[in-house]
Amino acid sequence: MISKFRSVSPVHLWVRGIVGLAAGTFGLLLFAGGGGGALLGLLSMSAIYLMMKRYEREQIEALQIVSRRERKNAERERASVRETQGSAGVHLTSSRSSRSSAPAEVSGPPLRPEHLDSVRSLPLLFDASHGNERRSRSPDEFWVPEGQEIRLHDFIIPGGMIYVGQGLRALEEQRRGEPALIQPSLSVRVEDTKVWSKELDEWRLFLTYERLSERDRAFYLQWLAGGRCDPSAPIACVFLFFFGLERRLLFDTRTSERAQKEIPALIAEIERLLGIYGEEPQFSRYARELLALSRLCFLQQLVIEETPPPMSPDGGFSLELLVGLGARLASRVPIQGPWAFSWFIQHPLVFLRTPARRCPAEFERLFLLRFEQMYPQGLLIQPNKTKLNLIYEPANRGLPRYHFDSSVELPDVRVLQRPMRKFAEIAESGMAELESYSRFLGRNPDARGTAQALSLLPAELLPLMGGDVLDSFRKLLESKLSDQQFALIHASELLSLWSPGGFQKLQKKSAIDLSIFLEKLGFALEPDVRFGSPAINPQGKIVLFRLQERSQRFPLSQEYEAAMVLLRLAASVAIADGNVSPEEKEHLVAHLERLLKLDGGEKARLSAHLSWLLEEQPGMGGLKKRLESLSPVTKRQIATFTTSIAGADGYMSPTEIRILERIYKMLDISNEEVFADIHALTSSPATVPVVVARAQPAVTGRAIPDPPREVASQRRDKPDQVQVPGSLALDMDLVQAKMQDTAEVASLLANIFEEEEAPLPPAQVPPTTELSFVDLDAAHTQLLQALQAKGTELTLAQFEELCLERDLLPDAAFDQLNEAAFELCDAPLLVDGDPIDVDWSVMQEMCS
Amino acid sequence: MTDQPKIRPRDREIIIQSLSAGVVPRTGHQHIQVGRSEEVKALLNDLRLIAEGGSTVRFVIGEYGSGKTFFLNLIRAIALEQRMVTVHADLNPDRRLHATGGQARALYQELMRNLSTRSKPEGGALPSVVERFITTALKEAREQGSETESVIRQRLESLTELVGGYDFAEVIAGYWRGHDTGNDQLKADAVRWLRGEFSTKTDARHALGVRTIVDDSNFYDMLKLFSLFCKMSGFSGLVVCLDELVNLYKLPSGRARKTNYEQILRILNDSLQGSSTSLGFLLGGTPEFLFDTRKGLYSYEALQTRLAQNRFAQGGLVDFSGPVLTLASLAPEDVYVLLTKIRHLYASGDPTKYLLPDEGLRAFMAHCSERVGDAYFKTPRNTIVNFVRLLAVLEQNPTANWRELLVHVQLEPEGNPDLAPLEGAETDDEDELASFTL
C-alpha cells in the first residue's frame, strides 16, 4: 500500500530507515483518511503495524550503518580529494582544445577542500547530514547558473544549470556525492556516443554521474552540449539533469538567495523538459508533480488545470492529481469527467473487472460519456476538512523527501467516499456494457478494431472508437440509401466490410451481430435472422433501410412474427406468376397492416422484408415447421389470406394456384378447398364490394386477429352474428340487395318469357277462317282449323294423318303451330306425347 | 317484387313438382331465379351473339350446390324462348368429349336425344328441326315450281364444304325422299343417322347410301353442321349445354383428360376465332375442374392462358365477357330470398295467400341450420325440398300450425357427389400397370 503512493521500490525503502519513518507517518495519515472504509481501515492498520516494526529495526540498523559509514566516508573523502586534484589537473592539461577559443575559464567547481568547510549546514526537513563532520560547501559554488557556458573535456555546454566540480555531497547521508554533480576529474571517452548503456535507463533513478562509464559520461556531456533538447536522448540523461534541477529548486533555495532568484527559470526549464520528454511516464510524473507543487508553493499559483495529469505509472494517486483535485474542490470548481475518471481509476482500492482492464480506452470513453450524461455540468463537491500533505519524493536519490509548505490549504480528496460511490456506479454500468465486447476480444485477441468487435460496443462509443471501419460502413450505407426508403444491394458488398476475410456462410451469431451493428448506426437490414427470416445468403441480395425510430428495436411484437410467416407465404404466391404487380404488393402490405397491429418500425421492416422476399424469392423452405404449430383456425385464416393475395391483381395464374396448393398442403387443408377459395374469390358478383378481410380491432394476445373469413360471398356471415345452432341471423341489408337483384332478373326474364301482350284487341281481328295471325300459311291454318274442328282427343297418328292430308310434315307442322301459339299466347298449343295434348284455351285464343 | 311475372298454373305445377323431387325444373325458372342479374345479362348477350351468327363458349363454374345446373337450365330456357335449338347432356365416364371407345358418340347421341325447341322443350325435337327445314324447302319449291329435293340439295350445298357436310345433305335429302315416297324406314334411318345411332359405316351405306357416320372423331363437326342446319331451318342458333364437366377432371387417365381438354380447346378456339357459326357452348363445372393445375383445365397450358381472368378486371371492376363465368355459392340470404320466391309461387303470386309469414321463413332456416349446420345453405337442395313439402302440408291442412310442423322437418347433411371418386371408371391401358401372375 505504501508502495502505491511512493515511486520507489520497497527494497529501496527497506534500507532507508529515515524514509521508512516518513512512510510510517504517511501511512498513518492515510489511515486517518481512509478510516471511512472498513477495508481500507483494516489494510491501513496492518500496514501501520508492519511499518512500526520495520521502523524499529531500521533505526537500529541505521545507527550501525551510520557509525560504519562515518569511518568509510572519512577515508573516501580523503582519497577523492587527492584523486580529484590529480586527475583534474591531468585532464585540464591534456585537453587539446585551444584555451583562447574557450568562452570562459573552466569554471569548474573549486576543488579545494577548504571550500567544503564554508558551507553552512542546511536546514533540511530531515537533516541527513547531521552525522557528517565535514560540511559540504555552498552548492552555489558548484552550480553553473543559467546561460553560462562551460567547457568540459571537449564539450562546450551552453545554458548552465548543472553542478560541476568536485566534492558536492548528496543531502542523503548514505550517498557519497551528489548524483547530478559533473565531476570534471572523471574521464570521458568519446568513441561512439550513440551507444548508451541500456541498463542505465532501467536504473535511471539510481544514477549518479560518478558511476557512469566513461563512454556514457561523454554521451551525457554531449547531450548537455547539444542544448538538452535531443528528443531521442535516453531518459536517463534527462533524469540526471533533472536531479540537479530538483536539488537546486528544493534545497538550494533554502540557503541561497541566488537559488531563490532562479526559481522561475528552474520552473521554466522543467516545463521545457516536459515539453520534450513528457512522453516518458516516469519523468513526466516527477516533473509534473514538481511543477505543480512548485507553482503552488513557490509561485503561489492555484492553477485549475483543464485536463488531469496522466496516470501515475506506479498506480495509485499521483500527488499532482491530488493537488489538481484539491485545487478544484478548494476553488469550488465542478469535477469534470476526465478528473472524475482519474480520481476513480487511480484510487488504490478500485478493482476493475476484466472488461475495463482488457479494454481500457473503451472503458474510459464510456465512463466519460456516462459521466457527462449524468453530470453535464460536472460534479460539484464540497471541500472536505482533511488537509492534503504536500510531500514530494524527489527523483534524485541524493535528496530527502521534501515537504512543501503552501499558503493555500488543499483538501485531501482521498478520504472522500461519496464521490467514489458515484463513480463506481458509473464504472460498473460501463463494465457491464463492455462485457460482450471484452469477451469477444478475449476469444479473438486480433479482432480489435474489426467491425465484428465494434458491433459489440455500446452505440454511443461507436463514433468514438469506430475509426476507418465505421467510416467505410457509413459511407456504404449512406451512398446506397441516400434518400431512398429501401436499398437493395448485394450481400457481399456489406459482408466484405463486415468480415474482410470473406466466408461461404454467415453464421447465425455473426448475422445477429451484423444486424445489431447496423442498428447502432441507425440502419437495419432484411433478412434479419432475429425476426425469423432465413440467414443472409452471401451470394444473394439484401435490403437496407433506415431505422425510423431508435426506440423501435428488437424484439418486435408477436404479431410481427405472424405477419412474417404470412408474408412469406403470400409473397411466394405473389411471385408465382413471374411478376409481382404493384397491386399485389400493395395488397400484401396493406392487408397485413390492417390485419395485424403493427407499429411504424414494424411496418417499415415488413415492407423491407417484402422487397427482399420478392427479390430473392427464397421459396417456402423451413416454413412447414413453423406452420405446424398453428391452430387449425389460424391455418384456415392463413390459407384464405394467401388466396386473396394471389387474386389481388384480379388474375389467378396456374402457377399461383400451384403454389396455393402447396401452401394448403402445408397447412393440412384439403386440396379441394384451394379451388373453393379461389372460386369464392373470383365469383363474387359486383353487387357488393369483395370483402376479403374485415377490418377489426385486433384482439391483444392473439397471434392473428380475427380471420379474413369472409372471402366473397361464401362466408358472408357477419362477425357479429354468432353462428350458434338454432339462432340464425340474416343480414337484412343483403337480403334487400338480393331482393333487388332478383327483381331485376325477374323483370329481365319476364321480358323474355312473356312477350309483350299483343296490343291487338280481339275485336279488331276479323273472325275469318283465313290467316288470323302472321306466321301461319294457309296449309297450317287449315290444319289448325281441322284440329279445332276435331275437338276431341288427338292421337299422334291422327295428327300425322291430318298433316299428310295437307301435304305437311307432321313434326314441322307441330312446331309451326306451337311457334304461332307462343307468339300469340306465350304458351304452346300442342304438348308432345301420344295422344297429343292440346291446350284448348290456347286454341280458343288462336282461333278467336 | 311488384314486378313479379305472372304465374301460369302449369308452370306452378311443374316447378313445385320438380322442386319437391329435388331436381331443377324445366320451365318457369324466372319465377325462382334469385339474383345473378349480371350473369344472366352476360348470357343474354351471348345468346344475342349466337342469334346474329356468332359463336360463344362459357364455362359456368360454381361449387356443388351453387346452382350451376339451374343456371344452365335457365339459360337453355331463355335460348329456347329466343327460338334457338338446344341440346344438353351431362358428361359421365361413358359420355366424353373425346374418346376412342364410342363415348364421344354416346355423348352426341345423348345431346341429340335431348334436342329441344320451344315447342318441344323436353327433347326429341330432332325431326321437328329437319321437317322445319324441309317445309321451308317445300314451300320454296312450290313457289319456284321446282323439285323439292333439288331445292333441298341446293340449300344444303353450303354445308357440303364442311367436314361431313356432303353426307349430311345426303341424309336430309333421304329424309325427304322417305317422306315423299312414304318410306318410313328411310325417314327413320335418316333420323337414326342424324342421332348418331349407326355404329357401322356399312349399315349406313346400306340404309342411306352415305359413306360416313357420326363417330367419336367427328361428332363436334357434326354439331357445327347442325348449328348451320338449325339456322337454315329458321331457328336462330344452336346452344349446347354440357354439364358435369368435373367428370373429365375425374378421369383417372392423364392421357384421356388431356385429349378431352384438347377437344375443349378446339371448341374454344373455333368459338374465339369465329370459325363456327350460331353455335353456343355452355359448360358447367366445379372450381377444381377449372383451377386444378394437375388435373383441371389449368393443367393444360393452352387452355389456361385462354381461360385466365381478365387482368384488367380488378379493384371492383368485373368482366363478364371472359369465357369463365363464376357462380358464387349461395349465402343464407340467397336462400332466404329463394324461400320467399317459392312461397310467392306457391301462393300463385298472391301475397294474401302466403302460407308462412317471414318469421316462419327465418324459423325454417334456423331449424335447418340447427340440424345440418353451415352446409344447409351451401347445398340448398334438401332445404328446398323440405320447404316445398312443408308448404304442401300447410296448403292441404289450413288449420295446421307451421311452428308445430317445423320440428318434424327432417334434414340430412348432403355430401358432394362431385368429389366422390368415379365408380367403375375405365382407364387407358397404357396408364395402368398390368397385373400378372406367375
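Predicted model: local features only at pLDDT ≥ 70, side-chain atom pairs only at ≥ 80, totals over all residues.
## Chain A overall

Chain A has 848 residues, of which 53% count as buried. Its secondary structure comprises 32 helices and 11 strands. The accessible surface of chain A is about 37700 Å², and carbon and sulfur atoms make up 54% of that area.

## The antiparallel sheet of chain A

Chain A contains an open sheet of 3 strands in the order β7-β9-β8, with antiparallel pairing. The edges are taken by β7 (486-490) and β8 (523-526) of chain A; each has a single partner strand, so one side of each is without a neighbour in the sheet. On average, and with direction ignored, neighbouring strands of this sheet are turned by 30° against each other.

The pairing of β7(A) with β9 (residues 541-546) of chain A is antiparallel and runs over 5 bridges. Within it, A:F486 stands opposite A:F545 of β9(A). Two helices of chain A pack on the sheet. Helix α18 (residues 467-481) of chain A touches β7, β8 and β9 of chain A, and its direction makes about 90° with that of β9(A). Helix α19 (residues 491-498) of chain A also touches β7, β8 and β9 of chain A, with its direction at about 75° to that of β7(A).

## Strand β8 of chain A

The bridge partner of A:F523 in β9(A) is A:R546.

In a regular strand, side chains alternate between the two faces of the sheet. Which residues lie on each side of β8(A)? A:F523 and A:L525 are on one side, and A:A524 and A:E526 are on the other. All of these are buried, and both faces of β8(A) are covered.

## The parallel sheet of chain B

Chain B has an open sheet of 5 strands, ordered β2-β3-β4-β1-β5, with parallel pairing. Here β2 (85-90) and β5 (324-327) of chain B stand at the edges; each has a single partner strand, so one side of each has no neighbour in the sheet. The twist from one strand to the next averages 15°.

Strand β1 (residues 55-62) of chain B runs parallel to β5(B) and is joined to it by 4 bridges. B:G62 has B:L327 in β5(B) as its bridge partner. Helix α13 (residues 254-273) of chain B packs on this sheet and touches β1 and β4 of chain B, its direction making about 130° with that of β1(B). Helix α4 (residues 68-81) of chain B lies across β1, β2, β3 (238-243), β4 (279-285) and β5 of chain B, and runs at about 170° to β3(B).

## Two residues with positive phi

Most residues other than glycine have a negative phi. A:M161 has a phi near 60°, a positive value in a residue other than glycine. A:M161 is in the loop between β3 (155-157) and β4 of chain A. Its relative accessible area is 2%, so A:M161 is buried.

B:R83 likewise has a positive phi, near 60°. This residue lies in the loop between α4 and β2 of chain B. Is B:R83 buried or partly exposed? With 29% relative accessibility, B:R83 counts as partly exposed.

## Other residues of chain A

A:D513 is in helix α20 (residues 508-520) of chain A and is buried, with a relative accessible area of 8%. Leaving aside residues up to four places away in sequence, A:D513 touches A:S455, A:L456 and A:W498.

A:V188 is in the loop between β4 (162-163) and α6 (198-202) of chain A. The residues it touches, not counting those up to four places away in sequence, are A:H153, A:Y209, A:E214, A:R217, A:A218 and A:L221. The C-alpha atoms of A:V188 and A:R217 are separated by 5.7 Å, although the two residues are 29 residues apart along the chain.

On the surface, A:L302, A:I304 and A:V408 form a nonpolar patch with about 180 Å² of accessible area together. A:V408 belongs to the loop between β6 (402-403) and α15 (418-443) of chain A, and its relative accessibility of 31% makes it partly exposed.

Notes
Residues numbered from 1 in each chain as written. Chains lettered and ligands numbered in written order. Heavy atoms only, no water. Patch = residues over 30% accessible without salt bridge, like charges linked within 9 Å, V, L, I, M, F, W, Y side chains within 5 Å. Areas by Shrake-Rupley, 256 points an atom, 1.4 Å probe, with all protein chains shown as cover. Salt bridge = Lys/Arg side-chain N within 4 Å of Asp/Glu carboxyl O. Buried < 20%, exposed > 50% of the residue type's maximum accessible area, 1.4 Å probe, protein only. Pairing = 2+ DSSP bridges. Axes fitted to C-alpha atoms, helices over the stretch in contact; angles between N-to-C directions. Contact = heavy atoms within 4.5 Å.
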